[in-house]
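Me: I would like to go through the labels used for this model and check each one against its cut-off.

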Amino acid sequence: MNNKNRKHKKKKKKKNMVTQLNLKGIPLAPSTQKPKDQPGLIFILEKASLEVAKVGKALLMILDSPLNKAGRLRAVYVRTEKGVLIEVKPYVRLPRTFKRFSGVMLQLLQKLSITAGGKREKLLRVIKNPVTQYLPVNSRKIGLSYSSKKLVRMQDYVTTLSDDANLVFVVGAMAHGKVEPDYVEDHVAVSGFPLSAAYCTTMICQALEKKWNIL
């Protein structure tokens with residue numbers, strides 16, 4: 001093997017090591033004080049395909065929302081098409097490119113958890129089913145379904161919900177099909193057209209930001 005090939009192999013190996021090191025920890029977003037005496041929001045993204053950019057977009061829309069920055073997002077859960085349940089902490093900073101996001105998800109499925117950079121706190125972790133065991137007792141569980149006959153305007157709908165209950169919204173994160181888990185208490189449609197998970201979660205966040213006076 002000549003010197004040129006050796007240098008090329010060393011360079012390639014070094015590049016791979018850097019990539020692996022970058023995936024070992026992801027940064028924390030600036031922490032916010034949780035208003036524990038106020039109700040919060042929980043998202044469950046069902047039938048998610050982690051190889052599709054739709055899931056990453058939906059998570060970024062949720063985590064970037066003023067509602068989350070105000071401390072009212074309690075948790076996000078993602079259940080994959082294969083039934084793997086993932087907990088996403090509200091203060092995690094996910095990669096903003098699909099390639100990096102896919103790398104983090106692959107590492108998560110292999111190691112079952114992702115810690116914060118330089119810390120032991122688990123920002124993403126695979127947890128046991130069912131998801132209902134992690135939901136607050138005083139929570140209202142609402143499912144979004146394009147096939148539901150109950151068509152609502154989200155801003156009007158949230159005004160009818162109790163100010164004392166935590167709200168759990170279940171949104172399908174797959175390309176086709178519908179989700180109707182048996183633990184959901186109310187199924188609603190928010191449009192006469194099929195919408196992406198990212199758009200649905202944005203509608204929910206904006207409606208609750210108005211209801212809870214979050215600017």
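Me: What covers the buried residues of helix 2?

Reply: The cover includes strand 2 (41–48), helix 3 (66–69), strand 3 (73–80), strand 4, helix 4 (98–111) and helix 6. Contact means heavy atoms within 4.5 Å. Helices (H or I, at least four residues) and strands (E, at least two) are DSSP runs, numbered from the N terminus. This is a predicted model, in which local features need pLDDT of at least 70 and side-chain atom pairs count only at pLDDT 80 or more, while totals for chains, interfaces and linings use all residues. Residues are numbered from 1 along each chain as its sequence is written, and side-chain values use heavy atoms, with hydrogens and water left out.

Me: Which residues of helix 2 are the buried ones?

Reply: They are Val55, Gly56, Ala58, Leu59, Leu60, Ile62 and Leu63. Buried means under 20% relative accessible area, exposed means over 50%, and partly exposed is in between (1.4 Å probe, protein chains only).

Me: Why are helix 2 and helix 6 called roughly parallel?

Reply: Helix 2 (residues 53–63) and helix 6 (residues 197–211) pack at an angle of about 15 degrees, with their axes 8 Å apart. Angles under 35 degrees count as roughly parallel, over 145 as roughly antiparallel, 65 to 115 as roughly perpendicular and the rest as oblique. Helix 2 and helix 6 are therefore roughly parallel. The contact is made by Lys57, Ala58, Met61 and Ile62 of helix 2 and by Ala197, Ala198, Thr201 and Thr202 of helix 6.

Me: What makes isoleucine 86 count as buried?

Reply: Its relative accessibility is 2%, so isoleucine 86 counts as buried. Isoleucine 86 lies in strand 4 (residues 85–88). Leaving aside neighbours within four places in sequence, isoleucine 86 is in contact with Leu50, Val76, Tyr77, Val78, Thr80, Leu108, Arg125 and Val126.

Me: How do you know that the pair of tyrosine 77 and tyrosine 134 is stacked?

Reply: Rings of Phe, Tyr and Trp (its six-membered ring) pair if their centres lie within 6.5 Å; planes under 30 degrees apart count as stacked, over 60 as edge-to-face and the rest as tilted. By this rule the count comes to 1 aromatic pair. The ring centres of tyrosine 77 and tyrosine 134 are 5.9 Å apart and the planes are at 25 degrees, so the pair is stacked.

Me: Are the two tyrosines buried or partly exposed?

Reply: Tyrosine 77, at 5% relative accessibility, counts as buried, whereas tyrosine 134, at 27%, counts as partly exposed.

Definitions and conventions: Axes are lines fitted to C-alpha atoms, for helices over the stretch in contact, and angles run from 0 to 180 degrees between N-to-C directions.
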